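Let's take a walk through this structure together.

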Amino acid sequence: MSESTTGRILTRTVIRAIMLLFSATVVLPFLWLIYSSFKTSREFMENPLLLPEQLNFDNYVHAWVQAKMGSYFVNSILVSGLSLVCTLLISITSAYAITRFVNVYTKLLKGLYISTFFLPGVVGLVPLFLMMNDMHLTNNRFGIVIVYIALNISFSVFVLCGFIGNIAKDYEEAAFIDGASRYKILFKVIIPLSMPAIVTVSVFVFLGLWNEFLYAYTFLTDDAIMTIPIGLNNLFAVQKYQTDWGALFAGLVMVLIPTLLFYALVQKHITSGIAAGGIKM
Amino acid sequence: MAFYRWSGTARGTEVFIGLDNFRTMMQDDIFWISFKNSFIVMLIVPAATIILALFLAVLLTRFKLREKYVYRTVLFFPNVLSIVVISILWSFIYHPTMGILKAIFESLGLTRLSEIVWLGTSETALYSVTVTIIWAGLGFYLILFIAGIESIPVQYYEAAAIDGAGQVRQFFTVTLPLLWAVLRVSFILLISGVFYGSFIYVQVMTNGGPNWSSETLVNYLYYQAFKNFNMGYATAIGLVVFLIGITLAFISNRLTRKDAVEF
């Protein structure tokens, strides 16, 4: 008996070692990034694994002011926030209509929404760009918000339809008898009941928007309206020649920390969302 | 528009050239390099991601580690990060003078490995980007597989253990067949995801270089459209990309259509 327990302890130790190794490949680069962001330019030239001699916050000031990380943050919050609110408004109302009024038109609408699901964005990029250019909506915050809303509706409607379809009609009928209008039912009955689905959808849509690169890279070329991913890429390209690595590292940490906090807050929603539906980010 | 020559500046300047864009494509060396690279990435990334994620998921679930949620949370973290942040971070890991990879190899005494300029050499650039893509996507599939394995009834494993099957045998006779549906979906997700998703990594980390060695089809499309302003040609490439994507999804759906075992 004791032989098998020692064997079991041994296998578990080996497995722990393997898991720790893989976790280290994730944790160590971020630790390195964070402590390197306090280094001076001279220290960057020395052994990259060394710790900085003292905490040097100049890099953060550089990143926030000269590298315009502050303005990128404001742009990202404006664009992602507005897109998320509009997406939710449109997709909740249309998901409700699609699940509760089943007829030829809503079926067609649902089919349209879901078909865009399978169309990869890159293929339509050039035509979309030309169309937006004709409407003078490139290099414009509202232009990109419109694109983002259009991109996210299909996913949100798809998930919300599945959830609202499972809510028993009895609640609505009861509210209807009490004299509630359709809109009142939507806002007082359906939305509170489908809160779990709405929160999950919001988390995924927001993360997607916050990190979106392809469209922002194509549509936003003016420095003043760039979002964080584009701004960072821009900064990276500039620093290849200016070699102010400290400011770039500080900028990366500034983006990393809010994401880390957000992840810690909503981690449960994300993992349960993936486990339940295999939602692709 | 795939049949026109047009720079995209003003309406009315487009010229109808029939199939000329496709003819150019056939003779375009860079198109074929990107074609080959796209397929290399599509072969390596899905296979490596699924094998690694499955291996880790089996270790975490079958050996009942108490802290498995910690590992799961840590390994998933890259998935919530912006791909740009990941790409820049990995550019510095690979960096020829201040990268940690170089420093690690140096401290281990592997001077030959530490001298390689990972992203700046034609032979290694594409594979270095591939490693980053696998690293970034692993956690997502790990969660998917853990959930899949945990939904398999314990009795099956108990029955297999009583019949004398070890962990390896249990994996091939119980886990693999019962997880087949999940694996199939993951494979299709990965194939199409990588085909279109490798764009950002390549764009930020190598910009297709050096000397086009890490260019993929989507990057080439982007280059033709927004750097070369050859909108007609770019749309023609887009059409090919779309057809490849559809065909791949169809083939992978067919190939993996083995009857999923009900339980």
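In this predicted model, start with two helices of chain B: helix α2 (residues 29-62) and helix α10 (residues 180-205) pack at an angle of about 140°, and their axes are 9 Å apart. Angles over 145 degrees would count as roughly antiparallel, so α2(B) and α10(B) are described as oblique to each other. The crossing of α2(B) past α10(B) is right-handed.

Which residues make the contact? From α2(B) come B:Ser38, B:Val41, B:Met42, B:Val45, B:Pro46, B:Thr49 and B:Ile50. From α10(B) come B:Leu183, B:Ser186, B:Phe187, B:Leu190, B:Ile191, B:Val194, B:Phe195 and B:Ser198. Sorted by class, the contact between α2(B) and α10(B) has eleven nonpolar residues, four polar ones and no charged ones. As you look at the numbering, keep this in mind: an α-helix has 3.6 residues a turn, so residues three or four places apart point the same way.

Stay in chain B and find B:Ala147, which sits in helix α7 (residues 125-150). B:Ala147 counts as partly exposed because it has 18 C-beta neighbours inside 10 Å, while a buried residue needs 20 or more. Now look across to B:Ile93: B:Ala147 and B:Ile93 are 54 residues apart in sequence, and their C-alpha atoms are 32 Å apart in space.

Finally, move to chain A and its helix α8 (residues 169-177). Is this helix buried or largely in the open? Of its nine residues, the number buried is zero, so helix α8 of chain A lies largely in the open. After α8(A) comes A:Gly179, which has a positive phi, near 90°.

Methods:
Residues numbered from 1 in each chain as written. Chains lettered and ligands numbered in written order. Predicted model: local features only at pLDDT ≥ 70, side-chain atom pairs only at ≥ 80, totals over all residues. Buried ≥ 20, exposed ≤ 12 C-beta atoms within 10 Å, placed from the backbone. Helix = DSSP H or I, 4+ residues; strand = E, 2+ residues; numbered from the N terminus. Axes fitted to C-alpha atoms, helices over the stretch in contact; angles between N-to-C directions. Parallel < 35°, antiparallel > 145°, perpendicular 65-115°, else oblique. Left-handed = near helix turned anticlockwise from the far one by under 90°. Contact = placed C-beta atoms within 7 Å. Nonpolar A, V, L, I, M, F, W, Y, C, P; charged D, E, K, R; others polar.
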